[in-house]
Amino acid sequence: MPVIVLEAKDFTSPLFLVRTWEVLSGCTTFSLVASLEPSELNKNSSNHQHLQTLRIFCMFSWCFFFTLTLLIHILSIIQFHSLIPISWKNLTMTAAVLGALMCLSASVVFPWIVMDHQRATPRLVAAVVASCITFLGYTSESYVLRTQAQEQRGYMGSMPGLLKILQVWGGCHMIPLVVEICGLPTFAHSWQLWVSGVSYGVCVLMSLVTLVVILGDFAGRCFLPFDKLLAGFSLIGVLLFMVATVISFIKILHLRDLGQRIPNKSAELVIMETVVASITLLAYTVDLAFSIKLLCDRSHT
């Protein structure tokens with residue numbers, strides 16, 4: 001099959017421009033961060049040995065979505081994506097929205113937690129600015145894709161699809177946070193850490209299964225009706241994140257009681273966990289409402 005390259009007018013299309021923007025700014029971001037000396041990062045905190053997890057999280061976000069966007073960009077240019085056995089429209093929407101959310105997280109976590117605020121060098125500031133520009137690029141691509149017709153956006157461009165991307169983001173965000181919080185000075189009961197960790201792990205697994213089924217167009221091959229499976233996943237996600245969110249608020253109350261005996265970084269991580277858990281719980285709750293409405297509409301037809 002001959003390879004078809006885009007026409008000249010396609011190189012000035014909004015999608016081509018924003019993806020080029022994402023590739024350049026993403027490459028700039030992780031290159032700047034990789035070139036930093038250890039002394040330029042936050043070494044004043046008593047927990048600095050644990051903060052490497054969050055730095056890895058930021059680097060993974062920038063590098064992974066740079067690689068994925070570059071691959072999507074190349075396949076779009078040579079028009080080779082039709083030979084790939086995945087749903088291309090769902091893949092591009094997922095990459096754009098999830099890339100925007102992950103780059104936003106990295107743009108917040110890196111300057112807030114990882115950076116040394118007392119010794120902010122020009123390269124550190126440039127890395128944060130480049131990360132914010134990358135986030136704007138993915139946000140612009142998400143907007144461009146959302147303005148397309150429904151058949152071009154696919155399921156992930158609908159409101160339930162966007163909520164599922166938000167759930168993936170919440171689960172991915174919780175993995176490094178759980179690792180960090182487990183390494184903090186003991187201020188929470190071990191059962192709280194175990195329950196939270198298991199809840200997040202189960203939800204991440206369900207989100208990944210949902211993504212694989214949607215991107216691979218496997219909905220018709222599921223052993224259960226896919227809409228009922230999604231409703232079940234949403235219900236389990238609501239219950240598990242409800243428990244995890246309550247535990248997070250209990251940790252905050254415990255931190256307040258301990259006062260000055262807990263480092264600031266510990267409080268910041270617990271607050272971040274509570275905020276992300278609350279947002280993800282809201283996403284699961286709204287998604288469950290959409291799933292119930294869909295099942296009720298189908299039962300009446």
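Predicted model: local features only at pLDDT ≥ 70, side-chain atom pairs only at ≥ 80, totals over all residues.
Biologist: Is Leu-136 buried, partly exposed or exposed?

Modeller: A residue is called buried under 20% relative accessible area and exposed over 50%, with partly exposed in between. Leu-136, which is found in helix 4, has a relative accessible area of 44% and is therefore partly exposed.

Biologist: How many helices and how many strands does the chain have?

Modeller: There are 9 helices and 0 strands, so that, read from the N terminus on, the elements run α-α-α-α-α-α-α-α-α. As for how the chain meets itself, 84% of the contacts between residues at least 6 apart in sequence join residues at least 24 apart.

Biologist: Which residues touch the most other members of the largest nonpolar core?

Modeller: A nonpolar core is a set of buried nonpolar residues joined through side-chain atoms. The largest one in this chain has 65 residues, among which Trp-62, Phe-110 and Phe-241 touch the most other members. The elements that give two or more residues to this core include helix 1 (14-34), helix 2 (52-78), helix 6 (159-182) and helix 7 (190-215), while helix 3 gives the most, with 13 residues. There is also a second, separate core of 6 residues, which includes Ile-72, Leu-75, Leu-91 and Ala-95.

Biologist: Which residues is Trp-62 in contact with, leaving aside its neighbours within four places in sequence?

Modeller: With those neighbours left aside, Trp-62 is in contact with Thr-29, Phe-30, Val-33, Cys-103, Ala-106, Phe-110 and Ser-131.

Biologist: Is Ser-291 buried or exposed, and what does it touch?

Modeller: Ser-291 is found in helix 9, residues 264-299, and with a relative accessible area of 8% it is buried, because the cut-off for that word is under 20%. Not counting residues up to four places away in sequence, Ser-291 touches Leu-230, Ala-231 and Ser-234. Ser-291 and Lys-228 are 63 residues apart in sequence, yet their C-alpha atoms are 7.9 Å apart in space.

Biologist: Where is Asp-227 placed, and which residues does it touch?

Modeller: Asp-227 has its place in helix 8, residues 226-258, and at 16% relative accessibility Asp-227 counts as buried. Not counting residues up to four places away in sequence, Asp-227 touches Leu-294, Leu-295 and Arg-298. The C-alpha atoms of Asp-227 and Ile-292 are separated by 9.3 Å, although these two residues are 65 residues apart along the chain.

Conventions:
Residues numbered from 1 in each chain as written. Heavy atoms only, no water. Helix = DSSP H or I, 4+ residues; strand = E, 2+ residues; numbered from the N terminus. Buried < 20%, exposed > 50% of the residue type's maximum accessible area, 1.4 Å probe, protein only. Contact = heavy atoms within 4.5 Å. Core = buried A, V, L, I, M, F, W, Y, C linked by side-chain atoms within 4.5 Å.
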